[in-house]
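Please look over the sequence and the structure shown here before reading on. The report is meant to be read alongside them.

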Amino acid sequence: MATWGMVIDLEKCTGCQACTLACGMENNRLPGENWQDVIFFTEGSYPSAQLKWFPRPCQHCENPSCMAVCPTGATFKTADGVVLVDWDKCIGCKYCMVACPYGVRFYTEEKPLVSPDMRKVHASKDEHSWNPPWKMPDAREDWKHGVGIQPHDVVSKCTFCYHRVSMAPPGTPDLDPQDPKLREFTPACVVTCPPGARLFGDLSNPESRVSRMIGDKRGVRLLDQLGNKPQVYYLTGDGGAVPSNRAIDKKA
Amino acid sequence: MNFIYPKTPGEAIAGTFRMFGENHVTANLWKLSVAVLAASLAYVFYMLSSEGHAAFNTSSDGVNWGSAIATYVFFALTSSGLTFIASLSTVFGFKQFYPVAKRCIWLAIVTLIAGFAVLALELGHPFRMLWAMPLGMQIRSAMFWMGVFYSIDLVLLFIKFYLLWREDWDSSLSRFVGASSFVAVVLASGMLGLVFGSLAMRPMWFGSATSLFFIISGALSGAAAIVVSVYLAYGFDTRNMPAPLRALKLSDQLPKVFATLIGIVLLFLLTRIWVGLWSNQDGMEGFVALLRAPWFHLEVWVCLALPFLMMLSPSMQVKPRWQVLASVLVLLGMFIERLQFIVAGQNVPMFKGTWMNAVTPYTPSLTEWALVAVGISSALALYALGDRLFNLSDAPKEQAGY
Ligand code: SF4
Ligand code: SF4
C-alpha cells in the first residue's frame, strides 16, 4: 500500500495561486474557504521589507492531532496515508480545528468570507450546504470520505483529491501529471501548477520521485517540532525557509 | 423558606405551575428566569433556524470555539465545584457543611444541565453525538473521556440527590455514591482541563497545570454559587435561616475556604501571565492581547483581588452583604476567565491565510450572548424549581435545627 505524500518546491512556486483555484473548482469550495491556500505575508520592514508566500494544503500528517482529538472517529487516516473526515459521523464539535497546528480545517456554517453569500445565492434544497452551478458529478460525491459538497454543520478539509488518488493503479510510485495515463489520478493542484512546483507520490517507495527529491534536496516539514510529522514536504533551497512562526505580525 | 413540599409527581407538577402565582423570592426568581429563558431561547432558535451557526461570530480563521464553549466550561466547572463542596460533608465528614449539601447537589445537577444545553446548541450535530461518541470509542480523545466522566457524574448526582430526598444521608450506599461522585467529578473536571491542556500546538493552554487550574477554579466558582444561592433562598436575611446554616454562614470558616481558593486562582493567573509575557515562544502572543483587554483587568482586580481582600478582612468576611457581593463578583470573574482563556488561546492563528497573520479578533454575536442568557436563565429557573419542590435546606435530623 502506498503512503501518499506531496513535495512542494519553494524555488519553483511563483505564488500564482492556480492551485487554490484548481482545488476550489475540483472540490466545489465556497469562495474564500480555501482548502489549499497560498499565504502571503511580509517580512522585515522598510526599506528591506519582503513579500513572501507559502502554499499550504492539509499536511496529511503521519501523526494527525486532528484525528487523535476527534471524539467520534469521524476524522480518520486511510491505509494509504490520507487523512479524511466522514461527514456522516462528524458532530461539528470543531475540536479538530482547534487541534490542527496548520489551520487547514473549515467549519461549514460561518459568516461568509466574501459577499454575496454564495450559499444564499445558490441555496440548496437538500442536505447539501449549498448548490453551486459548477460541481463534480454526483457519482463522485462521497461523504464517508469528505468528498463533494459538504452537508451542514460539519468540518471539511483537503482530501489530497481522494476521489482521484484512490483510483490510481496499485504500485504507482509517482502520480505525474505529465503522464497522460496518470493525469486523472493526480490531485488537481498538482495537475494545474504551472511551474510544476508540486510533486505527488508514494513516500514509502524509496525509488519514487518524491522520496528522491526529499532526500536529494533535503525536504523539510512545517513546524516539525510539534511531532505531527507532515506528509507534505517543502524543498527550500533559494526559495527561502518555511515559516517557523504562525503569527507573523507579532504585535497586532 | 418554609414551603409545603410536594410528595407525588402530580403535586410537583401542580406546584410548578402554582409558582407562577406565588409571591416570594423563589417564585419571583422562577418567573423572571423562565421569562428570560423563553425569550433568549426563542431568539437563539430563530437565529439557528434562519442563519444556522453562521449567526455566531466564531470563524475557521481564528477563534473556532467562542462564548458558547466558554459558557459550557463555566457551568461544567461550577457544577464540579459544587460537588466538591457537597463532598466536604457527605464524603469527608465535615459535618458543619451538611446544611448546604443537598442544595449543592441540586445546583450541581442544574448547572451541569445548563452547560450541556448550551453545548448542544453550539454543536453542529448534537443528536448525532449521542450515537457517534459511544460507538466511536475514541479513547485517545480527551473530549471523549470528558463526555464519559461528565455523564457518569450526572447520573451519580441524580442518584445522590434521590437518596438525600429520601433522607438517606449516611447509609453505606449513600456514602458510596457520594464518594464515587467525588472521584467522577475530579476526573471529569480534570479531563475538561486536558481537552485544552493536551494541545501542544496551543501553547497558551498546554500543560498539566491547566487541569489543576480547572479543578481548583471550579471549586471556587462552586463555592461562590452556593453562597449566593443560600442567601437568595432566605431572602438575603440570615435570620430566616435554620441555626446550623446560620452558624456556618456567620462563622469565618466559609470565608476562609473562599479566600484560600481565590488566592490560589490568583496565583495561577499571575504565574500564567508571567510565563506568557516572558516567553518568546511562538503562539504566546495572545498574552499580550490579554493584557490589553479591559475584561481581563476587570476579572483580576475587581472580580478576584477585591473579593480576596474582602474575605480576608475580619470585619467584612462574616457580613452577609460582603459575602454575597464577593461571591457575585467571583462568579462574574470566573465567567470572564473561561471566556478569555478559551478565546486568547486561539488568538494566534495557525497559518490561516493571507489576511489572518496577526492576532485574530473575536467578540460574541448577539446570538451568542443570547445563548449565554439561555445558560444562566435555565440554571436559575431549575434552581428555583428545586428550591420550591425539594426542600434544599434539608439536613440530617441532628443537623437540621428544627
Ligand atoms: S494538517 Fe491538520 S488537518 Fe491535516 S492531517 Fe495534519 S493535523 Fe490533521
Ligand atoms: S468536528 Fe467532526 S471531525 Fe472534527 S473533531 Fe468534531 S466530530 Fe471529529
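Predicted model: local features only at pLDDT ≥ 70, side-chain atom pairs only at ≥ 80, totals over all residues.

## Helix α3 of chain B beside α15

Helix α3 of chain B, which spans residues 67–90, approaches helix α15 of chain B, residues 366–389, with the two axes coming within 9 Å and crossing at roughly 20°. Since angles under 35 degrees count as roughly parallel, α3(B) and α15(B) are therefore roughly parallel to each other. The crossing of α3(B) and α15(B) is a right-handed one.

On the α3(B) side, the contact is made by S67(B), A68(B), T71(B) and F75(B), while α15(B) contributes E368(B), L371(B), V372(B), G375(B), I376(B) and A379(B). Sorted by class, the residues in this contact of α3(B) with α15(B) are six nonpolar, three polar and one charged.

## Helix α3 of chain B beside α7

The axis of α3(B) also comes within 9 Å of the axis of helix α7 of chain B, residues 172–197, and here the crossing angle is roughly 150°. Because angles over 145 degrees count as roughly antiparallel, α3(B) and α7(B) are described as roughly antiparallel to each other. The crossing of α3(B) with α7(B) is left-handed.

The contact draws on I69(B), Y72(B), V73(B), A76(B), L77(B), S80(B), T83(B), F84(B), S87(B) and T90(B) of α3(B), which meet R175(B), S181(B), F182(B), V185(B), V186(B), S189(B), L192(B) and F196(B) of α7(B). Eleven nonpolar, six polar and one charged residues make up this contact of α3(B) with α7(B).

## The contact between chains A and B

The size of an interface is often given as the accessible area lost when the parts come together. For chain B and chain A, the area buried between them is about 4300 Å², with 54% of it on carbon and sulfur atoms. In terms of residues, 54 of chain B are in contact with 55 of chain A.

Two salt bridges are counted between chain B and chain A. In a salt bridge between the chains, the side chain of E122(B) meets that of K94(A), with an N to O distance of 2.9 Å.

## Salt bridges in the whole structure

Over all chains, a search of the whole structure finds 18 salt bridges. Within chain A, R164(A) forms a salt bridge with E26(A), and the closest N and O atoms of this pair are 2.9 Å apart. R164(A) belongs to helix α5 of chain A (residues 162–165) and E26(A) to helix α1 of chain A (residues 18–27), so the pair ties together parts that are 138 residues apart in sequence.

Notes:
Residues numbered from 1 in each chain as written. Chains lettered and ligands numbered in written order. Heavy atoms only, no water. Axes fitted to C-alpha atoms, helices over the stretch in contact; angles between N-to-C directions. Helix = DSSP H or I, 4+ residues; strand = E, 2+ residues; numbered from the N terminus. Parallel < 35°, antiparallel > 145°, perpendicular 65-115°, else oblique. Left-handed = near helix turned anticlockwise from the far one by under 90°. Contact = heavy atoms within 4.5 Å. Nonpolar A, V, L, I, M, F, W, Y, C, P; charged D, E, K, R; others polar. Buried area = accessible area lost by both parts, 1.4 Å probe. Salt bridge = Lys/Arg side-chain N within 4 Å of Asp/Glu carboxyl O.
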